[in-house]
Amino acid sequence: MQKNKTLLYLILSIVSLALFIGIWYYFTAVLQIVSPKTLPSPVKVFTTFIDKFTNPNPDGATLLVHALSSLKITLTGYLTAIVIGVPLGIAMAWYPKVDLYVRPIFDLLKPIPGVAWVPLMIIMLGIGFASKVTVIFISAIVPVLLNSYSGIKQTRDVHIWVARTFGASDWQMLTRIAIPTSLPYVMTGIRVALGAAWTTIVAAELIASTEGLGFMIQQSRGIYRPDIIIVGMVTIGIIGSVLGLLLMLIESVLVKGRSKV
Amino acid sequence: MDEARHMSKSIIVAQGISKTFTNKRGSTKVIENINLEVRENEFLCLVGPGQCGKTTAVNVLSGLEPASTGTVKINGKTITRPGPDRGFVFQSTALYPWLTVMGNVEYGPKVRGIKKSERREKAQYYINLVGLEGFEHSYPNQLSGGMQQRVGIARAYCNEPVVLFMDQPFGALDAQTRYLMQEEIIRIWETAKRTIVFVTNNIEEAIYLADRIVLLTNTPTQIKKEYKIDFPRPRDYTDPDFLALREEITNEMDKTL
């Protein structure tokens, strides 16, 4: 029954995707009511996609080079945000003193979108690696920290009581009760942050860069190559989905015995 | 038999305990001057109308919450905070969902630093005792309510406490599972005798389980009456004496809205 459902779901996904591409093809290649200068056919996009693997023209680098450049910056900022954000969020939730010192700064910075930092970062750090990593870091740390914080706050009194009756120390209650409780929330934060980081890198590269997927898209707009723009968009989508799936996999290994939040 | 019980020592001695909660709106007295002794290996049921303060009473008796006045001694020592000599069984959701059955049961000894082979052996003994052999590696959300409660009982037992406090542990179970668990807890208790303080608002359950029932009043709660239950075990819910006592306690119990 369950297997049948999964199969049905798979078939439906393929059909709806095929339908979407079919309509796109019909309007662009068959009816030709949309100029290929505005919207190329899916066939054209596909050939450009293959071509961009080896052809550095017209934007100076192959697709792989652009993608790796974007990935490197994103992952650096993103992983730094996790390494700092998760422990900080946990510490804020568990130790009121940490909360007292960090919260005011955090509350002030929280509503500023990551992209709004780009102009300042360009002035401070230039248009290279450092400025973009910083912007990614700022965008990603907000959801990571917030979710880790509220995850710890989900710790149930009765769980603490039981641990206390067993003579657990404060540190044991944090590591053995509160952190396991928070884990699904921490993972949610990490997943949301991936989206935020990936969105921000493209936006940052659109504004200021010399390589990367956002840069490739921006360059192609200037020389009227919508096919390359779409190739860039699709690549962004594919990489984002793959990273998301990878996280789901990690989550299913780490988070046991509970339904996801 | 009676002689033997007389000889057994008091494990819990509570003297003049009361509990008042104070907040911005004022203070509420929940417990009023409770004096209570619980003997070694006695199965004691605290029975009272809903919301009367039974949970607060058991929290104070066990040291989860400090008393406002009065003292509670366990094995002669005054208690003010929870400790490993007291075990708890709450409602089923008190299990750690991220740990397997084994992980939950061995948790207490693990925290106390008992080495793995030793605590595993002990945990396995209690898992078998509560009838969960074969489910060691299951997670709580894969178990039924009754099975989850068995894990809770094994977890409390595995830490080898002097007293077991059970706060309405079967309250969330359906009627049939509840009857089964009542039989089971008696079987477990007869195999591994402990002093048990069991809180319930179900009079039938209390008569089935208890050596002695302590009936509590409405808030601020105090002891209204005590009943010594001498019916032989296993008890029969439909026995005329059982039913007569049930009616007597029902009539005696304060009514709530």
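Leaving aside residues up to four places away in sequence, A:Thr200 touches A:Gly114, A:Val115, A:Val135, A:Ile136 and A:Ser139, where contact means heavy atoms within 4.5 Å. This is a predicted model, in which local features need pLDDT of at least 70 and side-chain atom pairs count only at pLDDT 80 or more, while totals for chains, interfaces and linings use all residues. Residues are numbered from 1 along each chain as its sequence is written, chains are lettered from A and ligands numbered from 1 in the order in which they are written, and side-chain values use heavy atoms, with hydrogens and water left out.

- A:Thr200 lies in helix H8 (residues 170-207) of chain A, helices being DSSP runs of H or I with at least four residues, numbered from the N terminus.
- With a relative accessibility of 5%, A:Thr200 counts as buried (under 20% relative accessible area, with a 1.4 Å probe and protein chains only).
- The C-alpha atoms of A:Thr200 and A:Ile138 are 9.8 Å apart, although 62 residues separate the two along the chain.

**The largest pocket**

- The residues that line the largest pocket include A:Trp24, A:Phe46 and A:Val231, and helix H1 (2-30), helix H2 (42-52) and helix H10 (226-254) of chain A are the elements that each give two or more residues to this lining.
- Domain 1 (1-32) and domain 2 (40-254) of chain A each contribute at least three residues to the lining of the largest pocket, the domain bounds coming from an automatic or database domain assignment.

Technical notes: 1 Å grid on protein atoms, 1.4 Å probe; cavity = no way out; pocket = protein on both sides within 12 Å on 5 of 7 lines; lining within 4 Å. Buried < 20%, exposed > 50% of the residue type's maximum accessible area, 1.4 Å probe, protein only.
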